[in-house]
Amino acid sequence: MATTTTAPNAPLGKDMEEWDEFLQGRYQEGKSEEEFRQYDEHANPGVAEFYRLNHQHQTFDYVMGKEKDYFGLNKGMKTIWEAAEFLNTLVDDSDPDTDLTQIEHLLQTSEAIRKDGHPRWFVLTGFIHDLGKVLCLYGEPQWGVVGDTFPVGCAYSDQIVFPEYFKSNPDYNHPVYSTKNGIYEPNCGLENIHMSFGHDGYIAEVMKPYLRDESLYMLRFHSFYPWHRHGAYDHLCTDKDRSMLEWVLKFNQYDLYSKADTKPNLAELKPYYDDLFAEFLPPTLAW
Ligand SMILES: [Fe+2]
């Protein structure tokens, strides 16, 4: 857990699942943030260490560098299935008989959305929302792929989990980046701010030409818990952001609650998803 770098194709799934479980605990068990934080720091030091690294290293300069590396989408062309199969090579080092593959996790989310009768673009969003985790396979560290996201280039909110860890971040005392609005104009809109780097922003960039705003907000901001769960950063928001919040929250229920133990039947479901991808996306996409 405490590694700062990771080799491509290393067994990583377990670390990411720890973060998923942490999120579920944080928001499902009805504990206050403070209660959960205290509980977790002692009971699960790995998660605390994960956030310590994340908060220390997600500086404005780090984000700008990663956006330059990845937002040009120059990592090759892939279909959605190819990207999902690639993500599947992110090996889970725990028991393969009981644990679900990455594709099965994606299908659980999208199938839960589909069963509730939501529109097809919403089902698609459910399937693709975590495909950005392929960043791990490009050698990005865990703390730079998953975890809560937040704006950089302005003050870190105390509504971000483990806020005290930002004291080790060089931007914490920066003359501009440490101010409330930082480099941004008040109410400039979330689409115009730089978020801490991770799988959310990356998948939103891949999908930006093809999907509607509701979907892109779900993708880009699904781990922006300080905003969608805690109301932070409203001073940077527009009315559009505020109107999109309900969709992000609708999506968040499925992100948190759709993890069941039943294995989706990929062979049975594949034709439906082939049609779904073809309806909204070109056969291959730039990643
Ligand atoms: Fe995610």
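Select Phe197 to start: is Phe197 buried or exposed? Phe197 is buried, with a relative accessible area of 4%. (Buried means under 20% relative accessible area, exposed over 50%, partly exposed in between, with a 1.4 Å probe and protein chains only.)

Before going on, some housekeeping. This is a predicted model, where local features need pLDDT of at least 70 and side-chain atom pairs count only at pLDDT 80 or more, while totals for chains, interfaces and linings use all residues. Residues are numbered from 1 along each chain as its sequence is written, and side-chain values use heavy atoms, with hydrogens and water left out.

**Colour by confidence**

Colour by pLDDT, the predictor's confidence in each residue, from 0 to 100. The chain average is 88, and 85% of the residues score at least 70. Now pick residues 1-12: pLDDT stays under 50 there, and the model has 30 contacts for them beyond four places in sequence. Contact here means heavy atoms within 4.5 Å. Where pLDDT is low, the predicted coordinates should not be read in detail.

**The iron ion**

Next, select the iron ion and show Asp130, His199 and His222. These are its protein donors, through OD of Asp130 and NE2 of each histidine, at 2.0 to 2.2 Å. (Donors are N, O and S atoms within 2.8 Å of the metal, or 3.2 Å for Na, K and Ca; water is not among the atoms, so sites may look incomplete.) Along the chain, the donors follow the spacing D-x68-H-x22-H. His199 lies in helix α8 (residues 199-207) and His222 in the loop between α9 (213-221) and α10 (225-228), so the pair ties together parts 23 residues apart in sequence. Helices are DSSP runs (H or I, at least four residues), as are strands (E, at least two), numbered from the N terminus. Both histidines are tucked away: His199 is buried at 0% relative accessibility, and His222 is buried at 2%.

**Aromatic rings**

Switch to the Phe, Tyr and Trp side chains. The whole structure holds 28 aromatic pairs. Rings (for Trp, the six-membered one) pair if their centres lie within 6.5 Å; planes under 30 degrees apart count as stacked, over 60 as edge-to-face and the rest as tilted. Zoom to Phe60 and Tyr177, a tilted pair with 5.0 Å centre to centre and 50° between the planes. Phe60 is in helix α4 (residues 60-70) and Tyr177 in the loop between α7 (120-128) and α8, so this pair links parts 117 residues apart in sequence.

Tyr70 belongs to helix α4 and Phe197 to the loop between α7 and α8, so parts 127 residues apart in sequence are tied together.

**Into the core**

Last stop: Leu131, in the loop between α7 and α8. Leu131 is buried, at 0% relative accessibility. Its contacts, not counting residues up to four places away in sequence, include Ile80, Leu106 and Trp287. The largest nonpolar core has 87 residues, and Leu131 is one of those with the most contacts inside it. (A nonpolar core is a set of buried Ala, Val, Leu, Ile, Met, Phe, Trp, Tyr and Cys residues joined through side-chain atoms within 4.5 Å.)
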